[in-house]
Each structure stands twice: as C-alpha cells, then as structure tokens.
Amino acid sequence: MVTQYKLHRQTLVLLIYLVHLCMPVCVDVQSDTEAIVGKAMKLTCISCLKREEVTVKTFVKWLYTPSPTKGKNISYLIYEYNTNNSNVDDNPFKDRLNWNGSKDLQEVSIEIRNVTHNDSGLYTCEIRRLFDFELYTPVFEVNKTINLTVKEKASDDTTAIYSEIMMYVLLVFLTFWLLVEMVYCYRKISKFDEQAQDTAY
C-alpha cells in the first residue's frame with residue numbers, strides 16, 4: 001500500500017513538472033467573413049513563428065479597400081503597429097478600431113466596433129518581421145486578405161445546428177451507458193454478497 005502511494009505521488013509530481021514545461025501552441029485560423037450591423041467584428045490575422053527563441057521585430061499594417069464603386073479601388077491605411085504601437089488617426093474607422101493582438105505578436109488581429117454597411121470590403125493584413133541573427137537580418141513578409149460582408153442579421157449556421165444535435169445524441173447515449181454500467185455493477189455486487197453469505201453459513 002505504501003509503495004502504491006509513493007508511485008501515485010511521484011506520478012503527480014511528474015505531471016505537474018510536465019504541465020510547467022508545456023508552451024502555448026500557435027494555430028493559424030481563418031477570420032470570420034460575415035459581420036452584423038451594430039455589433040463588434042474581429043478581423044483575425046495570425047502568423048505563427050517557427051522559432052520563438054529568435055529575437056524578432058514585428059511591423060503590422062491593416063489596409064481597407066471598400067467594395068468597388070464607379071470602377072475605383074482606393075485602399076486606406078486604417079491601423080499600423082510598430083515599436084511605438086501607433087494607430088492611424090485619419091481613416092474611415094476613426095475611434096472604432098481596437099488592437100486585438102497577442103503579446104508575442106503571433107496574432108495581430110483588430111476589432112471593429114459598431115459595424116456599419118459601409119464597412120463591407122476587402123481588408124489586408126500586412127506583416128513584416130525582421131529577425132535578429134548575429135551575422136544577418138532576414139526579412140519575412142506575409143499578406144492575408146479578408147473579404148468582409150456586412151448583414152442586418154446573422155445567417156443560420158448549419159454546422160452549429162448539427163453540432164448541437166450531435167451533442168444531445170451523445171449526451172443521451174452516455175447517460176444510457178452510465179445507467180447500464182450502474183445496473184451491471186449493482187448486480188455484480190449483489191451476487192458477490194450472496195456468495196459471501198453462502199460461504200459464511
């Protein structure tokens with residue numbers, strides 16, 4: 001019994017140590033492309049670093065190109081992130097943008113507050129990284145585009161509906177399985193008690 005207790009204690013210590021060693025994982029996910037009038041909309045832009053131990057300077061620009069009108073495609077610089085963390089004052093989104101990026105700058109997302117129909121269009125996230133090695137400074141650049149559509153109300157998400165149905169089916173199945181297990185264990189214990197009583201006499 002003492003040996004088993006020591007083994008459990010050592011396993012617990014090992015698990016706690018492994019949890020401390022775990023690092024957050026970066027996952028490159030696509031941004032939502034549908035916004036609702038009057039609501040906030042997060043424009044997701046993620047660029048994962050392959051080697052986090054390398055010193056890197058990150059510069060980010062967000063550009064907005066409205067839906068084409070009269071054959072003109074004009075792009076506006078709506079947000080800029082550099083070492084000074086500067087916002088751009090003169091743009092169509094003045095006082096409606098929030099920086100929504102991560103501390104390590106692997107996520108460089110922004111959020112638009114109080115979305116309007118005029119916010120439909122193409123958003124471009126430009127990321128420029130300068131890696132600081134001893135002998136040279138390589139530059140990594142990536143551009144991601146989001147074609148945003150603004151609607152009056154949210155459209156039905158069939159994936160969410162199917163997920164909810166599957167959740168309830170799984171819940172019913174697991175409840176039934178647990179009930180069967182409980183009945184099985186109860187019968188097994190009852191049978192064992194009967195056998196113990198028979199051997200006692």
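Author: Happy to! Searching the whole structure turns up four salt bridges, a salt bridge being a side-chain nitrogen of Lys or Arg within 4 Å of a carboxyl oxygen of Asp or Glu. Please keep in mind that this is a predicted model, where local features need pLDDT of at least 70, side-chain atom pairs count only at pLDDT 80 or more, and totals for chains, interfaces and linings use all residues. Residues are numbered from 1 along each chain as its sequence is written, and side-chain values use heavy atoms, with hydrogens and water left out.

One of the bridges joins E107 to K42, with the closest N and O atoms 2.8 Å apart. This pair links distant parts of the chain, 65 residues apart: E107 is in the loop between β5 (97-99) and β6 (110-112), while K42 is in strand β2 (residues 41-43). Strands here are DSSP runs of E with at least two residues, and helices are runs of H or I with at least four, numbered from the N terminus. E107 counts as buried because its relative accessibility is 19%, whereas K42, at 32%, counts as partly exposed. For these words, buried is under 20% relative accessible area, exposed is over 50%, and partly exposed is in between (1.4 Å probe, protein chains only).

Next come D119 and R96, whose side chains meet in a salt bridge at 2.9 Å, N to O. D119 belongs to the loop between β6 and β7 (121-131), and R96 to the loop between β4 (76-81) and β5, so this pair too links distant parts of the chain, 23 residues apart. D119 is buried, with a relative accessible area of 3%, and R96 is buried as well, at 16%.Then there is E141, which forms a salt bridge with R128, the closest N and O atoms being 3.1 Å apart. Because E141 lies in strand β8 (residues 139-151) and R128 in strand β7, the pair ties together parts that are 13 residues apart in sequence. E141 is exposed, with a relative accessible area of 55%, and R128 is partly exposed at 37%.

Of its 201 residues, 22% count as buried.
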